Amino acid sequence: MTWSFTLGRLLGSELRVHVTFFLLLAWVGFAAYSDGGLAAAIENVVFVLALFACVVAHEFGHALMARRYGILTPDITLLPIGGLARLERMPEKPLQEVMVALAGPAVNVVIWAVLMIIGAGMPLEALARIDSTDLDFLSRLALVNLFLAVFNMIPAFPMDGGRVFRALLCLTMDRVTATRTAAFAGQFVAFLLGFAGLSSGNPVLVLIALFVFIAANAESQDVAMRAVARRLLARDAMITSFEALSPQDSLNTAAQAVIHTTQHEFPVLDGTGALLGFVTRARLFAALAGDHPLSDPATSIMDEDIPQVRLTTGLETVLDALHKGAPAVAVCAESGQMLGYITRENVGELMVIRGR
Ligand SMILES: [Zn+2]
């Protein structure tokens with residue numbers, strides 16, 4: 001997620017923007033400026049803000065529907081194709097998933113309908129030219145909302161339509177195969193978009209194609225991983241041979257540990273072997289780049305928010321915790337002593353070995 005940054009919080013979710021979203025905005029802005037000069041460029045800035053609001057509304061459609069099923073949305077990232085609401089977990093009941101998926105495009109359809117009622121026009125020849133400056137403001141906004149709704153209903157991952165498609169496929173096949181099929185459709189769409197982008201010289205379309213391709217693949221892998229994880233326990237995946245830090249260790253000791261081991265995460269254990277937190281390589285590098293003295297205690301940059309599980313906890317629970325952003329999940333005995341820990345990377349390794 002290094003290609004996105006935080007704007008703030010809204011209705012319980014962190015709002016993030018992916019840089020490619022700005023590429024889309026910059027492209028639209030540039031097109032308006034070269035067509036109509038400064039006045040068009042100013043109108044465009046206002047338009048961009050309105051577009052931004054519509055994409056946010058789309059994502060909150062997903063997030064608020066998911067909340068009805070008791071699922072929180074920690075963050076929402078805006079992308080050129082309409083954004084990603086990162087739900088705490090996906091509802092696995094097909095009907096709930098369909099409702100959550102449809103809620104986003106439905107918001108754009110509602111916005112479109114409202115704009116049409118208050119006077120937007122819909123000339124057919126403009127449908128192919130979303131960056132058109134010939135149209136008035138309301139009509140363009142209506143057009144963009146129609147585009148967002150239609151594009152997101154393409155029955156392919158990672159578009160919302162892909163989730164609806166998968167739910168339908170799940171009626172006749174298992175979830176992993178259904179996901180693979182919807183993801184394959186996504187990669188096919190990505191090729192079409194990429195081809196259209198290259199042949200029309202539209203770099204934004206090529207970027208969207210790339211994003212669709214990568215996201216389709218990731219979704220397919222994630223679901224396959226979950227299917228395997230359901231059969232495994234925390235103890236099957238945990239790292240038991242590792243270097244740990246003590247509360248007295250300095251940043252320098254942590255830096256030496258990063259150099260002399262292949263670990264990226266270091267548990268900080270007290271005298272009884274209980275976990276105090278994790279020092280990660282990323283946090284250490286950030287601290288060193290920020291001119292922290294090497295003599296500072298390692299505990300000063302420690303991540304204390306580490307989920308703890310038992311040996312017999314299902315691996316799916318561990319995956320959920322890692323998905324929420326924890327750098328590691330600690331496996332602890334009843335006495336509080338840490339027995340091992342699990343990272344995304346070693347779950348990945350386990351999947352390669354056990355997931356065939
Ligand atoms: Zn959506």
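Helices (DSSP runs of H or I, at least four residues) and strands (DSSP runs of E, at least two) are numbered from the N terminus. This is a predicted model, in which local features need pLDDT of at least 70 and side-chain atom pairs count only at pLDDT 80 or more, while totals for chains, interfaces and linings use all residues. Residues are numbered from 1 along each chain as its sequence is written, and side-chain values use heavy atoms, with hydrogens and water left out. In the points below, buried means under 20% relative accessible area, exposed means over 50%, and partly exposed means in between (1.4 Å probe, protein chains only).

**Helix H11**

- Asn346, Val347, Leu350 and Met351 are buried in helix H11 (residues 344-354).
- These residues lie on the same side of H11 because they cover an arc of only 150° around the axis, the arc being that of the directions from the helix axis to the C-beta atoms.
- An α-helix has 3.6 residues a turn, so residues three or four places apart point the same way.
- Glu345, Val352 and Ile353 are exposed on the face of H11 turned away from its buried side.
- The cover over the buried residues of H11 includes helix H6 (203-229), helix H7 (234-237), helix H10 (315-323) and strand E9 (338-342), where contact means heavy atoms within 4.5 Å.

- Val204 is a residue of helix H6, and its relative accessibility of 7% counts as buried.
- Between Val204 and Leu23 the C-alpha to C-alpha distance is 7.2 Å, although they are 181 residues apart in sequence.
- Thr280 is part of strand E6 (residues 275-280) and is buried, with a relative accessible area of 11%.
- Leaving aside residues up to four places away in sequence, Thr280 touches His264, Glu265 and Pro327.

**Cysteines**

- A disulfide is counted when a pair of cysteine sulfur atoms lies within 2.5 Å, and the count by this rule is zero.
- Cys170 is partly exposed at 24% relative accessibility, whereas Cys332 is buried at 2%.
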